[in-house]
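Welcome, and please open your viewer. We will go from one selection to the next and say what is to be found at each stop.

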Amino acid sequence: MDLTILYRGPLASCDYDCPYCPFAKRRDTTAQLRADRAALERFEAWVAGQHEDRLSVLFTPWGEGLTRSWYQRTLVRLSRQPHVRRVAIQTNLSCRTDWLDEADRDTAALWCTYHPGQTPHERFLAKTRQLRDLNVRFSVGVVGLPEHLEAARKLREELPEEVYLWVNAAEGHAYTDEQAARWTALDPLFPLSRHPHASAGLPCRTGESVISVDGDGTVRRCHFVRDELGNLYDGSYRTALAPRPCPLTTCDCHIGYVHLESLPLYDVFAGGVLERIPRSLPTVLPVPALPSGRPATARTHLGLASPGGVVRPT
């Protein structure tokens, strides 16, 4: 079995104070941190023991994981498991990076978010240079708020061309065509983030080859559908794995809609789905809105540049 796991433990603390994030500057108690560490170590042990499956793991903590030593150690150790195809984590990149020298860089990868106002531009850019020097796979992105545009433009100018800069549409923020065009100039895939995707009744890989797991081992199809499929540690989830349509009206988060079969994003991100690295530099035509205001999701709205653009920063 090829299985992708999105793991989110109880960690909810973050060292940043982003005004758009409910977990900004939140602090976990010592007991909460110990519980998160124990849950992560239990999950790591389970992954290490699943030699009959080929696994890919994306850590999506509510808070910032890589400032915690146990997340660093887990990424290193899982990257060296022969049956783990990819292990990645979402991070603000405020951590040191030298620990990645111990990881298998064919397997480990980072999904990095730049938060202007939370860290100096040069400090963040220096961290990306360190990742390149370490030959680590990574993508970089920003939240598409108006006050972030100039910082994002500066970052795009200074990042190497082969490093993909993604832009997430800000939650609850509507974009005029002119505003969207500014963000699309930085991220050709921004039109796919601009509007929620109609998903009700559409086939999705979640619940079949992709699952979400929390710190207790509860398995759900994804982070956004609360129905339980069983538990990871007693194996009860396995009999529930099956093709199933999406029960929600729309899907508006990349870690969800990337798995919709109605979108060609497994082709766009082939080899880099978890770390959000396209297989080549993308070019995208604007995705037209349907009469209901929802975007069309036809395969013909996406095109790819010639292969070889974004593989691994070197």
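Begin with the largest pocket, which holds about 1300 Å³ of space. To find its middle, select Tyr20, Val143, Asn168, Glu171 and Cys253: of the 43 residues that line this pocket, these are the closest to its centre. Bear in mind as you look around that this is a predicted model.

Strand S3 (84-91), strand S4 (108-113), strand S6 (165-169), H6 and H7 each supply at least two residues of the lining of the largest pocket.

**Next stop: the second largest pocket**

Select Thr4, Ser56, Arg85, Val273 and Leu274. Of the 18 residues lining the second largest pocket, these are the closest to its centre, and the space there comes to about 390 Å³. Strand S1 (2-8), strand S2 (54-59) and S3 each give at least two residues to this lining. By type, the lining of the second largest pocket divides into seven nonpolar, six polar and five charged residues.

**Into the enclosed spaces**

How many cavities of 30 Å³ or more are there? The count is three, and the largest cavity has a volume of about 60 Å³. To see what surrounds the largest cavity, select Tyr164, Val167, Asp187, Leu189, Phe190, Leu192, Ser193, His254, Tyr257, Leu265, Phe269 and Arg276. Helix H6 (191-194) and helix H7 (254-257) are the elements that give two or more residues to this lining. The residues around the largest cavity are eight nonpolar, two polar and two charged.

**Helix H5, seen end on**

Select residues 177-186, which form helix H5, and highlight Ala180, Trp183 and Leu186, which are buried. Turn the view until you look down the axis of H5: its buried residues fall within an arc of 110°, so they line one face of the helix.

What do the buried residues of H5 pack against? Show strand S5 (137-144), helix H4 (149-158), S6 and H6, and you have their partners.

Now select glutamate 275, in the loop between helix H8 (265-268) and strand S14 (282-284). Is glutamate 275 buried or exposed? Its relative accessible area is 1%, so glutamate 275 counts as buried, the cut-off being under 20%.

Show side chains here and look for arginine 86: its side chain makes a polar contact with the side chain of glutamate 275, at 2.9 Å. Apart from its neighbours within four places in sequence, glutamate 275 is in contact with Arg86, Ala88, Ala109, Leu110, Trp111, Arg137 and Ser139.

**Zoom out**

Finally, bring the whole chain back into view. The chain has eight helices and 15 strands, and buried residues make up 55% of its 314 residues. If you draw the contacts between residues at least 6 apart in sequence, 68% of them join residues at least 24 apart.

Note on methods
Residues numbered from 1 in each chain as written. Predicted model: local features only at pLDDT ≥ 70, side-chain atom pairs only at ≥ 80, totals over all residues. Heavy atoms only, no water. 1 Å grid on protein atoms, 1.4 Å probe; cavity = no way out; pocket = protein on both sides within 12 Å on 5 of 7 lines; lining within 4 Å. Points joined across faces, edges and corners; volume = space filled by probe spheres on them. Helix = DSSP H or I, 4+ residues; strand = E, 2+ residues; numbered from the N terminus. Nonpolar A, V, L, I, M, F, W, Y, C, P; charged D, E, K, R; others polar. Buried < 20%, exposed > 50% of the residue type's maximum accessible area, 1.4 Å probe, protein only. Arc of directions from axis to C-beta. Contact = heavy atoms within 4.5 Å. Polar contact = N/O pair within 3.5 Å; in protein donor to acceptor, adjacent residues only side chain to side chain.
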